[in-house]
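Please read these notes with the model open beside them. Each point takes up one part of the chain.

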Amino acid sequence: MPLSEMPVEQLREFRPEVLEPDDFDAFWTRTLADSRAQTAPPELRTAETPLTELVVEDLTFSGFGGERIRGWVIRPLAGAPRPAVVEFLGYGGGRGIPGEHLRWASAGYVHVVMDTRGQGGSWGSGGATPDPHGSGSTTPGYMTRGIESADTYYYRRVFTDAALLIDAVQQFDFVDPDRISVTGGSQGGGISIAVAALHPAVRAAMPDVPFLCHFRHSVERTPEHPFREIEQYLSVHRDQVRTAFDTLAYFDGVNFARRITAPTLFSVALMDTIVLPSSVFAAFNHCASIDAQIEVYPFNGHEGGQTAQWVRQTAWLAERL
């Protein structure tokens, strides 16, 4: 792929109009309230692990519809309540094993990793949370599950799980509830954008190469999956184009970014063929936060800045939390 699909100067000015439903806020208020009415207290159990210099706990909490979602809590051994970094995972991956998630706790944070419902079979070491919901006709993957309406769409459940995880983290006595941040790469970045908009307790957001932004543009232009799942679906369901994009508007990172007021650090890779740089800038350029920054990696693909970006995040987050 050439260096981005448009010059950086143009990307920095790219503020496309994106379909936003009139009842966007009402939809999410109703969605979260319905699930909060069905929650049970979060549960923490000591995990079986060879790690001895960190506390590692197996987390179960209530997500969409009260359904129990798994995760990990990894934290330093002792000390006063600490700031928390809540991480959401990339497309197809699960929470894996604790040894895969050591950096944030090693830097002194409570690190909470959410298992993504129904995922965990594409990379990493597996997931532990089912998605007990059926759907109509779909393309293989997660992008078109329940796309017939916003109420049944797969990411309604995932975003609700993620927002309610913040509720759970606020209850932990080892977390400072005024210093909760969210992060994630790709799909996890898209989830981070949504949660930063939906939950006022999020004090900082760090979406890396975030997926799930500017759906129409991404579906029409992205050369690789997962956005192509929607393209394939619509090539078969030819009469569902408007319905599909009407649904997706409730989950578009651009619409969530317009509602983010917390400090936010994005990253983007200009040779990314999975998440187009223009889709990331579409969200970033609409971000409502007065403290929004973006780290640009000109010669990287979807891997983005990797550990270099994490080092950047640690310095940025320390200044804010």
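1. Contact here means heavy atoms within 4.5 Å. Helices (H or I, at least four residues) and strands (E, at least two) are DSSP runs, numbered from the N terminus. The model is a predicted one, in which local features need pLDDT of at least 70 and side-chain atom pairs count only at pLDDT 80 or more, while totals for chains, interfaces and linings use all residues. Residues are numbered from 1 along each chain as its sequence is written, and side-chain values use heavy atoms, with hydrogens and water left out.

2. Helix α2 covers residues 24–36, which is 13 residues. The expected span of a helix is 1.5 Å times one less than its number of residues. For α2 this gives 18 Å, and the end C-alpha atoms are 18 Å apart, which agrees.

3. Which residues of α2 are buried? They are F24, F27, W28, T31, L32 and S35. Buried means under 20% relative accessible area, exposed over 50%, and partly exposed in between (1.4 Å probe, protein chains only). Seen down the axis of α2, the buried residues fall within an arc of 120 degrees, so they line one face of the helix; the arc is that of the directions from the helix axis to the C-beta atoms. An α-helix has 3.6 residues a turn, so residues three or four places apart point the same way. The buried residues of α2 pack against α4 (154–170), α5 (187–198) and α9 (253–257).

4. Strand β3 (residues 68–76) has 7 of its 9 residues buried, so the rest of the structure largely encloses it. Two strands pair if DSSP finds at least two bridges between them. β3 pairs with strand β2 (residues 54–62) in the antiparallel sense over 9 bridges, and P76 is the bridge partner of L54. The hairpin of β2 and β3 has 5 residues between the strands, and G65 takes a positive phi near 65 degrees there. β3 also pairs with strand β5 (residues 110–114), again antiparallel, over 4 bridges; M114 in β5 is the bridge partner of G71.

5. A201 sits in the loop between α5 and β7 (202–208). Its relative accessible area is 5%, so A201 is buried. Apart from neighbours within four places in sequence, A201 is in contact with I166, Q170, P177 and I180. A201 and I180 are 21 residues apart in sequence, with their C-alpha atoms 6.8 Å apart in space.

6. Not counting residues up to four places away in sequence, T247 touches I147, E148, S149, A150 and Y153.
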